[in-house]
Amino acid sequence: MCGKSLLSQARTALTQKQITPLTLAMPIMMGYAPIAMTFGLLTYQQHLGVWTALALSTVLYAGAAQFAILGLLALSNISLGQVFITVFLINLRHFILSLAYIPNTKQWSFFEKLRFFPILTDENFAVLLTNSEIKKDPIQAYRVSILTYSTWAVFTLIGYGFASLIPDPKILGLDFALSAMFIGIIILFIDRLEQIITFIAAILFMLFFYFVLDCGRFSVILAAILASFVGWGVECRRKSS
Amino acid sequence: MSTKIFLVVLLSMFATQLSRLSPMFISSKFHMSESFERWLKYIPISVLTALIVPEFFEQTSGEFHINTNYLISGIVALCVGLWKKNMLLTTFVGVICLASLRFLA
């Protein structure tokens, strides 16, 4: 791949002519790079080895949980049970993401599912669902995932290796890339009244669980499940009336 | 890599794959009902919305405050998104907007 074709792919993506796995993966890669670099940097600052950084980014491959692990490793006496429960709770939302993705994989072989689901992230999930063809294509969908997976691993290493040379990603505004991408995707999903109601319900449930009840990361799962019930309930009512 | 870290990596892998892989095995054993699949259709929008809500707040000394720069960039991104319906463009505009706000401040 030469730079020119990457550039022309970027241009077609911006003018929305032809969508390829790379154009789908690009906003995720943009958002992952600074976060993975920060992770590499923090691992280095905690005097953990480069293999630890790489192992966490490739074997665990889950942003928030990786930072939580670093926090736990900084404590002197951690129990392995605590590690398990922390990671499990932070990543429990992957259960509903994978479950929600299953209907798209009806034609996939066992192996195709087995290589896709272990590296499914919030961002891949969201981006893939915006494209009705790629999301059902086991090879194209896997390509999107593997591009973002490699970005995460490579930039973890860059962050670790060039710890002192890295500029603050905040200057470039890249810390907002994933949130801005999610906004762009949410808009693509909204085309009926039920979805607008689900969107508002999710905001309200999230404010309630996160800020009022202080449920932390668990709030995402609670809010998502309840807001989906609201959307589903409205759909059922509108169909029966 | 010490034994402790090796065990931490191994356990955290199990903890996360339990969530990522189990739906694949469960779904092959059970048939998903039509109304369950309709409920699942609302998961993407609700998960994504729930994930970004805390991003617009920052915590200083135990209290939550709205992060104005994020909020403005979010609203700009929302407008561009509604207008152009293009994910990549929305991402770029949001990022550039936040960078400019920080540059101007």
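**Exercise 1. Is B:V76 buried or exposed, and which residues does B:V76 touch?**

Step 1. A residue is buried if 20 or more other C-beta atoms lie within 10 Å of its own.

Step 2. Now place the residue: B:V76 sits in helix α4 of chain B. Leaving out residues up to four places away in sequence, B:V76 touches B:V93, B:G94 and B:C97.

Step 3. Finish with a distance. B:S61 is 15 residues from B:V76 along the chain, and their C-alpha atoms are separated by 29 Å.

**Exercise 2. Describe how strands β1 and β2 of chain B are joined.**

Step 1. Find the strands: β1(B) covers residues 57–60, and β2(B) covers residues 63–66.

Step 2. Look at the pairing. The two strands run antiparallel and are joined by 4 bridges. For one example, B:Q59 has B:F64 in β2(B) as its bridge partner.

Step 3. Look at the turn. The hairpin has 2 residues between the strands, and B:S61 takes a positive phi near 45° there.

Step 4. Ask about confidence. Among the elements of chain B, β1(B) has the lowest mean pLDDT, 79, while helix α4 (residues 68–84) has the highest, 90. Chain B as a whole averages 85, with 99% of its residues scoring at least 70.

**Exercise 3. A:H47 and A:Y61 both have a positive phi. Where does each lie, and is each buried or exposed?**

Step 1. Start from the general rule: most residues other than glycine have a negative phi.

Step 2. Take A:H47. Its phi is about 60°, although it is not a glycine. A:H47 lies in the loop between α2 (21–45) and α3 (50–60) of chain A. It has 7 C-beta neighbours inside 10 Å, so A:H47 counts as exposed.

Step 3. Take A:Y61. This residue is not a glycine either, and its phi is about 45°. A:Y61 belongs to the loop between α3 and α4 (63–74) of chain A. Because 21 other C-beta atoms lie within 10 Å, A:Y61 is buried.

**Exercise 4. Check the span of helix α9 of chain A, then say what its buried residues pack against.**

Step 1. Helix α9(A) runs over residues 138–161, which makes 24 residues.

Step 2. At 1.5 Å a residue, the helix should span 34 Å. The end C-alpha atoms are 34 Å apart, so the two values agree.

Step 3. The buried residues of α9(A) include A:A141, A:V144, A:W152, A:F155 and A:Y160. The buried residues of this helix pack against α2, α3, α7 (110–116) and α8 (122–129) of chain A.

Step 4. Where pLDDT is low, the predicted coordinates should not be read in detail.

**Exercise 5. What does each domain of chain A give to the contact between them?**

Step 1. The domain assignment of chain A gives domain 1 as 19–189 and domain 2 as 191–241. Their C-alpha centres lie 25 Å apart.

Step 2. Domain 1 of chain A gives 8 residues to the contact, and domain 2 of chain A gives 7.

Step 3. On the domain 1 side, the elements that give two or more residues are α5 (80–91), α6 (93–101) and α10 (177–189) of chain A. That side divides into 7 nonpolar, no polar and 1 charged residue.

**Exercise 6. How many residues of each chain are in contact, and which element of chain B gives the most?**

Step 1. The contact involves 58 residues of chain B and 79 residues of chain A.

Step 2. On the side of chain B, the elements giving two or more residues are α1 (3–29), α2 (34–40), α3 (43–52), α4 and α5 (87–104). α1(B) gives the most, with 18 residues.

Step 3. Sort this side of chain B by class: 37 residues are nonpolar, 15 polar and 6 charged.

Step 4. For the model scores, note ipTM 0.83 and pTM 0.77.

Methods: Residues are numbered from 1 along each chain as its sequence is written. Chains are lettered from A and ligands numbered from 1 in the order in which they are written. This is a predicted model: local features need pLDDT of at least 70, side-chain atom pairs count only at pLDDT 80 or more; totals for chains, interfaces and linings use all residues. pLDDT is the predictor's confidence in each residue, from 0 to 100. Domain bounds come from an automatic or database domain assignment. Two residues are in contact if their C-beta atoms, placed from the backbone, lie within 7 Å. Ala, Val, Leu, Ile, Met, Phe, Trp, Tyr, Cys and Pro count as nonpolar, Asp, Glu, Lys and Arg as charged, and the others, Gly among them, as polar. A residue is buried if 20 or more other C-beta atoms lie within 10 Å of its own, exposed if 12 or fewer, and partly exposed in between; C-beta atoms are placed from the backbone. The expected span of a helix is 1.5 Å times one less than its number of residues. Two strands pair if DSSP finds at least two bridges between them.
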